[in-house]
Amino acid sequence: MFSASSGSAAPSGTTGASPGRGIRRPAAALLLSGLVAATVLVGAGPAAAADDPGRHHGGAAAVLDGLKTFDSAVLRVKGRNGAPDRTQEVPAGLFEMTVDGGGKLKTYCIDLHNPTQDQAKYLETPWAETSLNSNRDAGKIRWILQHSYPRVDDLAALAKAAGTGPLTERTAAAGTQVAIWRYSDGADVTAADKQAEKLADWLHRSARTVKEPRPSLTLEPAAVSGRAGERLGPVTVRTDADQVSVAPPAGAAAGGVRITDEKGAPVTDATDGDRLYFDVPKGAGDGTASLGVQATTSVPVGRAFAGAGRTQTQILAGSSESTVSARATATWAETGAAPALSARKNCAEGGVDVTAANRGDEPFTFELAGAEHTVAAGETRTVTVPVAEDQAYDVTITGAAGFSRTFTGVLDCATSGSVLEEGEETAGAGNDVGTQSAQRSVPATTGSGTAGLEGDLAATGGSSATSMVAAVAIGLLVVGGGAVFLLRRKQPHTDGE
């Protein structure tokens with residue numbers, strides 16, 4: 001069963017002449033519902049699955065503090081309907097985020113025309129689930145991050161390598177951001193400072209493709225199922241941390257459930273590649289429990305951070321020692337269906353893939369997208385739910401015995417061009433970025449100085465008293481829509497595959 005959510009789409013368009021590749025964000029035509037969470041449905045009973053891991057697949061979760069180290073850049077905006085091109089001054093530089101549980105992140109924008117939201121929640125996200133999914137130059141953005149500020153904290157050495165004059169923290173950050181925008185948004189943008197522009201040109205010209213970094217921490221798969229009296233899994237730990245702690249099972253039905261290795265030995269900590277199991281006692285009633293892991297580590301440079309709501313997508317430039325976490329869920333049943341249901345954004349198809357694996361001995365039936373779906377015992381099926389770009393969505397999944405669960409999210413899989421009608425004014429420039437309309441989206445940011453952080457972040461020294469505060473007002477349009485879905489039947493396989 002679906003319920004409509006509200007949202008407003010940024011306009012589609014293309015940037016002007018650019019040394020990079022432009023990416024087009026289509027205007028949303030209708031609002032559909034879907035899932036963005038990895039979770040489990042309980043095969044029987046009215047209660048929903050406990051300890052919902054939400055939309056976070058694992059890694060760092062953080063709150064945006066604002067734009068902290070920046071200078072000015074000039075964006076050339078293509079006119080629409082015959083209007084002349086305009087120029088627009090925008091702030092360009094480093095954002096900072098505070099990590100849930102402790103830690104700091106520094107990030108650059110990879111979504112130029114989508115405004116930020118003050119104190120927006122961000123989640124570490126695979127490239128495939130962001131605007132980088134179809135960007136052939138995504139690896140070049142990571143190269144830029146690895147070879148510029150703040151990863152390179154010796155500004156004299158950076159200036160020498162790039163052939164620029166003296167660089168400050170602000171101009172180094174601005175030049176780096178400009179180079180990134182040319183690849184992330186295909187933007188026709190230049191740094192206002194001469195030395196920053198030289199740095200941007202050198203980074204853009206020198207960039208080479210580097211593969212996506214590994215996640216800081218995740219569990220694969222996020223959902224498993226089976227019978228009481230069995231070890232359910234495996235759930236494989238994927239992390240760049242030296243070690244992660246494993247929390248005892250949580251959930252109303254977790255009594256007596258243990259987390260073990262494949263031989264049944266209890267596990268309290270793990271390393272990359274370890275395989276974990278839910279050891280469910282024989283005779284346990286039908287139920288669900290969750291497994292949580294946590295570590296403190298530096299998140300790898302180049303990891304993408306997407307907003308939990310509609311806000312500008314970011315990419316990591318550096319991390320202090322930060323708290324990262326991940327969860328997986330297990331469901332068991334004494335008899336009948338034993339479903340494990342998970343979901344991920346599918347940017348390539350413009351929707352969300354909902355996958356149901358049935359490890360029971362009877363078919364599993366659930367309602368999604370206004371239709372009933374059945375997964376035979378031992379089989380796996382995926383339902384692709386189309387979701388309009390830039391739109392908020394929610395979905396209610398219903399099952400037997402009064403089961404009901406609702407999930408919400410925003411599909412943000414593309415960057416947007418910004419175009420101006422003849423007679424429109426360019427939006428706020430420099431440090432005076434004010435409230436913007438959805439039709440005239442530019443980065444809305446807050447700014448002040450920055451101080452050095454540990455780990456992958458350079459020691460950047462002093463701070464500035466300059467401050468910029470911005471808010472974004474986005475009108476919400478309620479759009480009703482149905483959903484069309486695609487079903488893909490897979491051959492039976494184990495949850496560990």
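Predicted model: local features only at pLDDT ≥ 70, side-chain atom pairs only at ≥ 80, totals over all residues.
Local features need pLDDT of at least 70, and side-chain atom pairs count only at pLDDT 80 or more, while totals for chains, interfaces and linings use all residues. Residues are numbered from 1 along each chain as its sequence is written, and side-chain values use heavy atoms, with hydrogens and water left out.

First, the overall picture. The chain has four helices and 27 strands. Of its 497 residues, 58% are buried. Buried means under 20% relative accessible area, exposed means over 50%, and partly exposed is in between, with a 1.4 Å probe and protein chains only. Now contacts, meaning heavy atoms within 4.5 Å. Take those with a separation of 6 or more: 74% of them join residues 24 or more positions apart.

Next, the helices. Two packed helices are described by the angle between their axes and the distance between the axes. Our pair is α1, residues 138–146, and α3, residues 169–184. Their axes come within 9 Å and cross at roughly 170°. The axes are lines fitted to C-alpha atoms, for helices over the stretch in contact, and angles run from 0 to 180 degrees between N-to-C directions. α1 and α3 are therefore roughly antiparallel. The cut-offs: under 35 degrees is roughly parallel, over 145 roughly antiparallel, 65 to 115 roughly perpendicular, and the rest oblique.

Who makes that contact? From α1, Lys 140, Ile 141, Ile 144 and Leu 145. From α3, Thr 176, Ala 179, Ile 180, Tyr 183 and Ser 184. By class, that is six nonpolar, two polar and one charged. For the classes, Ala, Val, Leu, Ile, Met, Phe, Trp, Tyr, Cys and Pro count as nonpolar, Asp, Glu, Lys and Arg as charged, and the others, Gly among them, as polar.

Stay with α3. The helix has 16 residues and reaches 22 Å from its first C-alpha to its last. That is close to the expected 22 Å at 1.5 Å a residue; the expected span is 1.5 Å times one less than the number of residues. α3 is mostly covered, with 14 of its 16 residues buried. Gly 186 follows the helix, with a positive phi near 60°.

Then comes β6, residues 189–191, which holds Thr 190. Thr 190 is partly exposed, at 31% relative accessible area. Leave aside neighbours within four places in sequence, and Thr 190 contacts Ala 73, Val 74, Val 178, Arg 182 and Glu 197. Leu 75 is 115 residues away from Thr 190 in sequence, yet the two are 6.7 Å apart, C-alpha to C-alpha.

Now the backbone. Which peptide bonds are cis? One is Tyr 149 to Pro 150, with omega near 10°. Pro 150 sits in the loop between α1 and α2, the latter at 155–162. Another is Glu 220 to Pro 221, with omega near -10°. Pro 221 is in the loop between β7 (217–220) and β8 (223–226).

Positive phi next, outside glycine. Asn 81 has phi of about 55°. Asn 81 lies in the loop between β2 (61–80) and β3 (86–99), and is exposed at 67% relative accessible area. Gln 119 has phi near 60°. That residue is in the loop between β4 (104–109) and β5 (121–125). Gln 119 is partly exposed, at 44%.

Last, two side-chain pairs. Both are polar contacts: a pair of N or O atoms within 3.5 Å, where within protein one must be able to donate a hydrogen and the other to accept it, and residues adjacent in sequence count only if both atoms are side-chain atoms.

Arg 344 is in strand β18, residues 339–346. Arg 344 is partly exposed, at 36%. Its side chain makes a polar contact with the side chain of Glu 129, at 3.0 Å. Arg 344 and Glu 129 are 215 residues apart along the chain, with C-alpha atoms separated by 8.0 Å. Not counting residues up to four places away, Arg 344 touches His 57, Pro 126, Glu 129, Val 352 and Asp 353.

Ser 298 is in strand β14, residues 287–298. Ser 298 is buried, at 14%. The partner is Glu 321: side chain to side chain, 3.0 Å.

Terms used:
Helix = DSSP H or I, 4+ residues; strand = E, 2+ residues; numbered from the N terminus.
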